[in-house]
Amino acid sequence: MSPVAAPTNETGDLTRLSAARMSELLAAKEVSSRELVQAHLDRIDRVDGAVHAFLRTMPEQAFEAADAVDRARAKGEALGPLAGVPVAVKDVLATNGTVTTCGSKILENWTPVYDATVIEKLRAVGTPLIGKTNMDEFAMGSSTEHSAYGATHNPWDLDRIPGGSGGGSAAAVGAFEAPLALGSDTGGSIRQPASVTGTVGTKPTYGGVSRYGLVAMASSLDQVGPVARGVLDAALLHAAIGGHDPHDSTSLDEPVPDVVAAAKLGAARDLKGVRVGIVGQLRGEGFQQGVLDRYAEALGLLEDMGAEVSVVDCPSFEYALGAYYLIMPSEASSNLARFDAMRYGIRVAPESGPATVETVMGATREAGFGDEVKRRIILGTYALSAGYYDAYYGSAQKVRTLVQADFRAAFEKVDVLVSPTTPTTAFKLGEKLDDPLQMYLSDVATIPANLAGTPGISVPIGLADGLPVGLQVLAPARADEWCYRLGAAVEAALEDQWGGPLLNQAPALPEGTASAAKPVSGTEGGAR
Amino acid sequence: MTAQTDMDPTPLDFDEAMERFDPVFGIEVHVELNTKTKMFCSCPTTFGAPPNTAVCPVCLGLPGSMPVVNHKAIESAIRLGLALHCSIAPSSRFARKQYFYPDVSKDYQISQYDEPIDADGYLDVTLADGSIFRVQIERAHMEEDAAKNTHIGGTGHIQGAAYSLVDYNRCGTPLIEIVTRPVEGTGAHVAEVARAYVAGLRDLVIALGISDARMDRGSIRADVNLSLRPKAAPGEDQSTVPLGRRSETKNVNSLRAIEQAIRFEAGRQAARLAAGLTVKQETRMWHEESKDTTPGRSKETAEDYRYFPEPDLLPVVPDPAWIEELRGTLPEPPAQRRARLQKEWGYSDLEMRDVVNAGAIDLVEQTVAAGVTAAAARKWWMGELARTANEQGVELVELTVTPQDIAELEQLIAGGKLNDKLARQALAGTLQGEGSPAHVMEARGLAVVSDDSALTKAVDDALAANPDIVEKIKGGKVKAAGAIVGAVMKATRGQADAGRVRELIMERVGV
């Protein structure tokens, strides 16, 4: 690394720095955490009116955390690499004392009394949490249009979707409103938004990061992961949130793979002997030509760096989407049952007739859930019903086993699998809102990894018609480091060609529209 | 269906019902475990704490929270399974049983469904005539308890209540549900077998130390299924006659109620069948006051619980070595232990049953071990102490008296320091928390007066005050001396040795 110096990029804007660079400057006391928090909150003020990435900002908490880190640093205390680097949080993660809505009206007033484990970990290492980001309601969607609080806009083109469900986190990072963000990925909710916003996002191995405090959509598929502008930044965040959690029985009891070292290794751009498999089922029909072009170029780059590229057959992937749309709604229908107006969230009285437990539950769920959520609850309830269970949920679980077998067989032949992250670049807001099946197809390439519990990353590989395209790298379970090594290699090679990060090519955002994000003073209750 | 055709005819007498029909029953028993913490979180399992004070994000089902299995509960389930001669599943799973109701905080209950931890066992129960009946166990599985609803206004039932309150303290308490196979071949003993089975289970969980086993507090709850079928024709095997339609009676919360509920249901069902009506497959509620059952939720509109494997928990895969280790911790089977102790103690069947029913078997055993005769131990625990416990509405073990106290008391009596009456006073002091009997004796000055000079004076005073009685004694009416003994005892505040007083009277009067 070059000797530490003050920010010298063209705008002199702290928000343009990578998280890794912020970390260096903080360590060298060239910049304070308070300055970083201030710069990002200012940026949010200027551009979030147009982007609408945030539902809430948390200035008081963020400054408090920043000041604590700055004081600790002044005293010479040992601090982690992300101490003082601001992080945005998808609003699906419980934050003690700060309203957590999951993008739903039904939770518009829910103030958690506890922190998700990943939030606890970030607070412990001293990352100021600057706000909660927008999302499709309960993480159901691929466009963030299903938020009860209005859609988020793609920083590359404000008329287009930022992906979903984590469009808020991806847009926040892509619009330089935060250097890092947390997301959750059930069928692609981290990787697909990363792909369409020109950012980086990882779904870790299932169990690699605690789900405790992640409001569940589909428990066997959900995974928390990092959203960033670069592969090394994503690795730093991944390392900070990963690891065993006794509160999550499905979390792996083993150390986090050394993803930071892998990202650094990858940046050396030497892939000699690395076996890369092209997923045969994810490269043709339904994929936009521009996406396939960038993908082909990326494959060429991998070969240039010494990788051995071959085509690998994963026949069951064809059925993955169908299986996913049975397993996910089944689990979701169960996980969302608890929103019954009895203990938290909004409570709506029936318009007529007596207010009994049943009528209040019914009226609340009718008023509190959006259409997409209702659609999935109905689907899942049906799939789990007596007489249908075997045909739907049971069959889907069998497909899931086959998908896992495909991965296992593939990883006997290759070290990693690659595909385009999404079949298309960002579509227009509203374009697929009335066609759920088209919307669901956005996740066709990302879903297999969720079914198998394996890790995946999306990294930008260029533009098609002015919009970002992502490359997905999939690795065996517990081998997340492969995602980072390959991702970092591709990133380094391409940034060399582009003369800097892809996001430098994004158009300037209009400034001055008032932000819709609600700044929260202190906490809103809870039990701190 | 109109109310008219749904009406039950007057129930048949139980004996008559048994003459005409063959009963088959099954029981589901829920046993609340006495683990320190709940099934899936670290909240304490408490009884009687202020509402909603033993709760956390997990048992309240807050969004994002996740369950973690209580290892101790698994241990209890395995030990119970072994004691019931069940096979322990190498891998068992939790499932979600889904239904909307405020007392399940997640609107699903985590329970084992198609993969229980214990399967295929039995419990031998001893009947009054000394015969042994084997009840086959289909399965025993782990689950979490629901919260407690209190309905305010109206009759206290949910129908007609103004509103309801929910206390989540109990929500998530670990339960084991033990399910029998259909129990056939009991004939007219059906109620006795059912009662003996639940009593046997209760004794077993007490012996295992896995539950407080307090039926009055709901730590053991039974649902009783009963059906009747026609008696087999002569020469026909009764077991080949198809089973009748069953009712399931809930809220049966005492051993006596189990017996009564079965007798009532048998009479009710028999009357319907005898009148050419069918028995509805339904859930019924037992009413302790009126000793009858009424329909609850109809099973015709049975809920679809949409069970599916709980994705937040891994399968339970106990290490075989651990299972063997737990096998080594099993207590002597209660029936075997009872028979052994009865023989050792020389109790009659009736005496033994009283001790068992009072939950005093451990106390008597410990008292005997402390050096007291079995007869004296029974006298104290089943007499004075049982009466006190009954008055205070507590269990014998909850009294402040220990087996060591009884041993001390007996030593004081044997040493002539206390007579029977004084011993009871000393015990009363111990019960009131004044310390051990010896301590109470000292503090209250209860010791027997054995100093002859003091006694002689008291006797002389009494004789002088009752010259007429003295004459009677002299005249050969020795019984009359009782009045003088009474006067002396009164004067010495009961602290005299009555035998010695009588001797002194005879001596002084000169007979």
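Me: How many residue pairs are in polar contact between domain 1 of chain B and domain 2 of chain B?
Reply: In this predicted model, the count between domain 1 and domain 2 of chain B is two residue pairs, both at pLDDT 80 or more.

Me: What makes up the side of domain 1 of chain B that touches domain 2 of chain B?
Reply: Helix α4 (residues 190-208) of chain B gives the largest share of that side, with four residues. By type, the residues on that side of domain 1 of chain B are two nonpolar, one polar and four charged.

Me: Why is the pair B:R214 and B:E398 called a salt bridge?
Reply: Good one to check! The rule asks for a side-chain nitrogen of Lys or Arg within 4 Å of a carboxyl oxygen of Asp or Glu. The closest N and O atoms of B:R214 and B:E398 are 3.1 Å apart, and 3.1 Å is within 4 Å, so the pair qualifies. Across the interface of domain 1 and domain 2 of chain B, the rule finds three salt bridges.

Me: How do you know that domain 1 of chain B and domain 2 of chain B are in contact?
Reply: Contact requires heavy atoms within 4.5 Å. Seven residues of domain 1 of chain B meet that rule with six residues of domain 2 of chain B, so we say the two are in contact.

Me: What area do domain 1 of chain B and domain 2 of chain B bury between them?
Reply: Together they bury about 550 Å², with 44% of it on carbon and sulfur atoms. On the domain 1 side, B:R202, B:D203 and B:R214 supply 55% of the area buried against domain 2 of chain B, more than any other three residues.

Key
Residues numbered from 1 in each chain as written. Chains lettered and ligands numbered in written order. Predicted model: local features only at pLDDT ≥ 70, side-chain atom pairs only at ≥ 80, totals over all residues. Heavy atoms only, no water. Buried area = accessible area lost by both parts, 1.4 Å probe. Polar contact = N/O pair within 3.5 Å; in protein donor to acceptor, adjacent residues only side chain to side chain. Helix = DSSP H or I, 4+ residues; strand = E, 2+ residues; numbered from the N terminus. Nonpolar A, V, L, I, M, F, W, Y, C, P; charged D, E, K, R; others polar.
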